Amino acid sequence: MTKASDRTGLALRRRWWLIALAALIIAGAVGRDRLRFKPREPLLALTPIPVATRAIAEFSRFGAAADPESPLTFRGGLVIESASPHFGGISGLRVTDQGHGFIAVTDAGYWVQGRLLYDAGRPGGLADIVMAPVLGAEGAPLRESGKGDLESIALAGEAAYVGFEGFRNGVAYFRPKSDLLLQRGRLLPVPPDIVALPKGRGLEALAMLPAGHDFGGSLLAIAERDRTGRGLAPAWILKDGAALELKVRLKDGYDISDAAFVPEGDLLLLERRLSLLGGFAMRLRRIPAADIRPGAILDGPSLLEANRLFHEIDNMEGISAHRDELGKTVVTVVSDDNFLPVQRKLLLQWELK
């Protein structure tokens, strides 16, 4: 064995131990109480947030060639840092303005809004970042009523929908979408099964079914995990006060993290897994839109699978899909750092062929 291979092996072993230690810390933190790592002092409305970014050029940590058969081509990514203790915990994302804007929610109960900058088609930075507390119907922050653990966001026309978990689980909607960070939310009627979802197994994904679908304009809501032991995460189509139940098949120890419809109509599922041996892993699955109907068990092929040991990922929790000015479908994924220094805030983009 050469000295170079010895060094590579040592680096891999060191990285493995670091990741195993980080996974142990994160698992323990989440198991005790994630809220203890969130800033206690409230954030004022429309607060500018300073950020710095560093570009990620390659998705693979060790220069492995991309699969030429993959439908996803990595465009680049960003490592994001900020001196603000409130900036973090991003768990839901929607990219707007053909890829130049975004709106996100955090599991500490805040909106995050800003612009995406590009360098020769690759993510090049963030600008004009503003945060504000997500407000309830009375004008008080949702976090003050135990509904501040925001996990998902969906946009439709002039409305925005946010899924939350906590002492109870549910969906709040905000209208109109203009001046969204100042709007007060109202609770959307949801079935008791959603309200009673256990903390940590709440609504991780919200997505608006596209026009042309039998349930176009309805909200698809998906829980994080299965409660039955059969590997089926509960999901609902929320339409005009009715809740039509279906399931999502879980595989290989992955949980649901988020979901988004691509412009062509199919659903992309973002999934994540945390293990002591491998740290965080992520997977993207594509679900045919035609399969989404009451009583169905949703399943679909994997488009991408990656882990923190070999790829530039972390706890990937938010996904969005948009069409850019050139007509290309772009998928954006962000990480939730749980406000922990052993994790990173990442934004990653792929082009979907």
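1. Two strands are taken to pair if DSSP finds at least two bridges between them; strands (E, at least two residues) are DSSP runs, numbered from the N terminus. On this basis L270 stands opposite L284 in β18. Nine bridges join β17 (residues 267–275) to β18 (residues 279–287), and these two strands run antiparallel.

2. The model is predicted: local features need pLDDT of at least 70, side-chain atom pairs count only at pLDDT 80 or more, and totals for chains, interfaces and linings use all residues. Residues are numbered from 1 along each chain as its sequence is written, and side-chain values use heavy atoms, with hydrogens and water left out.

3. β17 and β18 belong to an open sheet of four strands, in the order β16-β17-β18-β20, with antiparallel pairing. Because β16 (255–261) and β20 (302–307) stand at the edges with a single partner strand each, one side of each has no neighbour in the sheet.

4. The structure holds six aromatic pairs (rings of Phe, Tyr and Trp, the last by its six-membered ring, with centres within 6.5 Å; planes under 30 degrees apart count as stacked, over 60 as edge-to-face and the rest as tilted). F62 and F310 form an edge-to-face pair, at 6.0 Å centre to centre and 70° between the planes. This pair links distant parts of the chain, 248 residues apart: F62 lies in the loop between β2 (52–56) and β3 (72–81), and F310 in the loop between β20 and β21 (316–323).

5. F62 is partly exposed, with a relative accessible area of 41%, and F310 is partly exposed at 36% (buried means under 20%, exposed over 50%, partly exposed in between; 1.4 Å probe, protein chains only).

6. Ring pairs also link F59, F74 and W350 into a cluster.
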